[in-house]
Amino acid sequence: MLTDYHVHLRPDEDDTPPERFFTDDNVAGYRAAAAAAGVAELGISEHIHRFAQALEIWRHPFWVEQAVDDLDAYCEFLASADLKVGIEADYIAGAEERIEAVLAARPFDYVIGSVHFVGDAAIDQDRWDVWDAEGHDPDRVWSRYFEQLTAAAASGLFDVLAHPDLVKVWGPGRPGPARDPRYFWEPAVEAIAAAGVAVEVSTAGLRKPVEEIYPAAGFAQLCVEAGVPFTLSSDAHLPEHVGYAYDEAVGFMTGLGIDRLCVFSGRRRSMEPLG
Ligand SMILES: [Zn+2]
Ligand SMILES: [Zn+2]
């Protein structure tokens, strides 16, 4: 079986109002792409910062600017379209109870946890750039990112961790630390295994400057050794991204000995054969 759970119906750009993208027509395009890619189960995981209710959690200026949609209307739309009801929720240190309150009040099939920010600084956007905030020191940026990922795993708030080594997104433009990356990965993988959270293999990295699957093979190998379960997702923001480069991703996973995939319903996980 193949699934694609980390999927956005709305592109990230400005002028992408929900009424233009949360439509049956748009969903039909995603479904057709899923069928063509052999994806049997499709779920949507819009960014939490798109929803007004996210401001109950955090009031970063980016969120204040973006948080306009209604979270309950979104959940109802997905359920009525017979799509798995997911969300991509940021881990915000110190806001755990508020995150839990927003999530627990909705009928999600799964919650994907992400680290896009450490403190107020952003990992994968130019505004509020963490590289500026940390003096362009790769050791400091990577340490801060993986500390936050470790805390996200340990929080128990999430079913899946998205793009687990997102910090590499900029590729050669912002090279990582010189030391062995396992120094940064190992504490995170330990927390992931202890919390029983799944890790996402994401083909989105292939479309970014890094041009690599998230996570790196070495990170995924540590997860395999620790018995961590996996999902596979495209992080699509357009129909043509659904199931993006899945042949390569399935090869990547089977090469590491991964032969099963997580399936979620009502935030309960079961395992299905991969492929
Ligand atoms: Zn993300
Ligand atoms: Zn995403």
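Hi everyone, let's start with zinc ion ligand 1: its protein donors are Glu88 (OE), His116 (NE2) and His163 (NE2), lying 2.1 to 2.2 Å from it. Donors here are N, O and S atoms within 2.8 Å of the metal (3.2 Å for Na, K and Ca), and water is not among the atoms, so sites may look incomplete.

A quick word on the background. This is a predicted model, where local features need pLDDT of at least 70 and side-chain atom pairs count only at pLDDT 80 or more, while totals for chains, interfaces and linings use all residues. Residues are numbered from 1 along each chain as written, chains are lettered from A and ligands numbered from 1 in written order, and side-chain values use heavy atoms, leaving out hydrogens and water.

Glu88 sits in strand E3 (residues 84–90), and His116, 28 residues apart from it, in the loop between strands E4 (110–114) and E5 (117–118). Strands are DSSP runs of at least two residues, numbered from the N terminus.

Which residues hold zinc ion ligand 2? They are His6 (NE2), His8 (NE2), Glu88 (OE) and Asp235 (OD), at 2.1 to 2.3 Å. In sequence, the spacing reads H-x1-H-x79-E-x146-D.

Glu88 coordinates both zincs, which are 3.6 Å apart.

Are these residues buried or exposed? Glu88 is buried, at 0% relative accessible area, and Asp235 is too, at 7%; buried means under 20% (1.4 Å probe, protein chains only).

Definitions and conventions:
Helix = DSSP H or I, 4+ residues; strand = E, 2+ residues; numbered from the N terminus. Buried < 20%, exposed > 50% of the residue type's maximum accessible area, 1.4 Å probe, protein only.
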